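Here are my notes on this structure, as numbered points. Please read them with the model open.

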Amino acid sequence: MRALYPGSFDPLTLGHLDLIERSARLFDSVMVAVLQNPSKQPAFGLEQRLGQIRSATAHLSGVEVGSFDGLTVDFAARSQAQVILRGLRALSDFEFELQIAHTNHSLAPQVETLFLATAVHHSFLSSSVVKEVARFGGDVRHMVPAGVAEDLTRLFNRTSA
Ligand code: ADP
């Protein structure tokens, strides 16, 4: 069975990566796909985010990396995924994620949404928290893959220069 893990990944965190590693053990293949969301202004461009995910997942077999715009259920159909994966960190994620899952179900009942609980030691992590810490010079090496930590340093050194 094939799963689609969609998200902004702006940038990829160790919480995302943990979810990818665990789902790679559950499914024959996992497509990690960056959603190009026109209503969001990402800190990292699409190609950079794809590169971050590719290098952080290079050790995993069965993991593919891609991008899409438009509806997630349409991309799930195009990429032949039967399952959409999402992560749940806390109750605060639940209401929004449930609404999206119901919406997707109403559009494409053949695609199931599955939620994986975040690893407890990563449950405080979000891309925005990581960017906030990095912006003010904090150490993010325990929050993101090494390549992403370097990209964050570069991004905020340049911005503050
Ligand atoms: P989106 O803008 O689609 O929410 P994100 O990149 O923020 O994109 O998140 C993508 C998915 O990863 C979501 O299902 C989110 O709940 C999950 N996620 C975010 N942070 C973590 C984390 N620390 N651990 C596990 N899953 C996470």
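1. Is Lys131 buried or exposed? Lys131 counts as buried, because its relative accessibility is 15%. The cut-offs are these: buried means under 20% relative accessible area, exposed means over 50%, and partly exposed lies in between, with a 1.4 Å probe and protein chains only. Lys131 sits in helix α5, which spans residues 127-135. Setting aside neighbours within four places in sequence, Lys131 contacts Asp10, Pro11, Ala43, Leu152 and Phe156. Contact here means heavy atoms within 4.5 Å.

2. A word on the basis. This is a predicted model, in which local features need pLDDT of at least 70 and side-chain atom pairs count only at pLDDT 80 or more, while totals for chains, interfaces and linings use all residues. Residues are numbered from 1 along each chain as its sequence is written, and side-chain values use heavy atoms, with hydrogens and water left out.

3. Next, the fold. The protein has six helices and five strands. Read from the N terminus, the order of elements is β-α-β-α-β-α-β-α-β-α-α. Helices (H or I, at least four residues) and strands (E, at least two) are DSSP runs, numbered from the N terminus.

4. How does the overall size look? Along the principal axes, the C-alpha atoms fill a box of roughly 50 × 35 × 30 Å.

5. Packing and surface come next. Of the 161 residues, 47% are buried. Among contacts with a separation of 6 or more, 75% join residues 24 or more positions apart. The protein exposes about 8800 Å², and carbon and sulfur atoms supply 55% of that area. The areas come from the Shrake-Rupley method with a 1.4 Å probe; for residues, only the protein chains shown count as cover.

6. Now the charges. There are 14 positive and 16 negative charges, and their mean positions are 4 Å apart. Lys and Arg count as positive, Asp and Glu as negative; His and the chain ends are not counted. Each charge is placed at NZ of Lys, CZ of Arg, CG of Asp or CD of Glu.

7. How many aromatic pairs does a search of the whole structure find? The search finds two. The rings of Tyr5 and Phe9 are edge-to-face, because their centres are 5.1 Å apart and their planes stand at 70°. Tyr5 is buried, with a relative accessible area of 6%. Phe9 is buried too, at 2%. Phe68 and Phe75 form a stacked pair, 4.7 Å centre to centre with 10° between the planes. Both Phe68 and Phe75 are buried. For the terms: rings of Phe, Tyr and Trp (its six-membered ring) pair if their centres lie within 6.5 Å; planes under 30 degrees apart count as stacked, over 60 as edge-to-face and the rest as tilted.

8. The peptide bond from Asp10 to Pro11 is cis, with omega near 0°. Asp10 and Pro11 are also among the contacts of Lys131.

9. Gln80 is not a glycine, yet has a positive phi of about 55°. The residue is in the loop between α3 (72-78) and β4 (83-88). Gln80 counts as exposed, at 60% relative accessibility.

10. Where does Leu35 lie? Leu35 is in strand β2, residues 29-35. Leu35 is partly exposed, at 22% relative accessibility. Leu35 and Gly7 are 28 residues apart along the chain, and their C-alpha atoms are separated by 5.6 Å. Beyond neighbours within four places in sequence, Leu35 contacts Gly7, Arg49, Phe68, Asp69 and Gly70. Phe68 in that list is also part of the stacked pair with Phe75.

11. Last, His59. His59 is in the loop between α2 (46-56) and β3 (63-68). This residue is exposed, with a relative accessible area of 53%. His59 and Glu21 are 38 residues apart in sequence and 9.6 Å apart in space, C-alpha to C-alpha.
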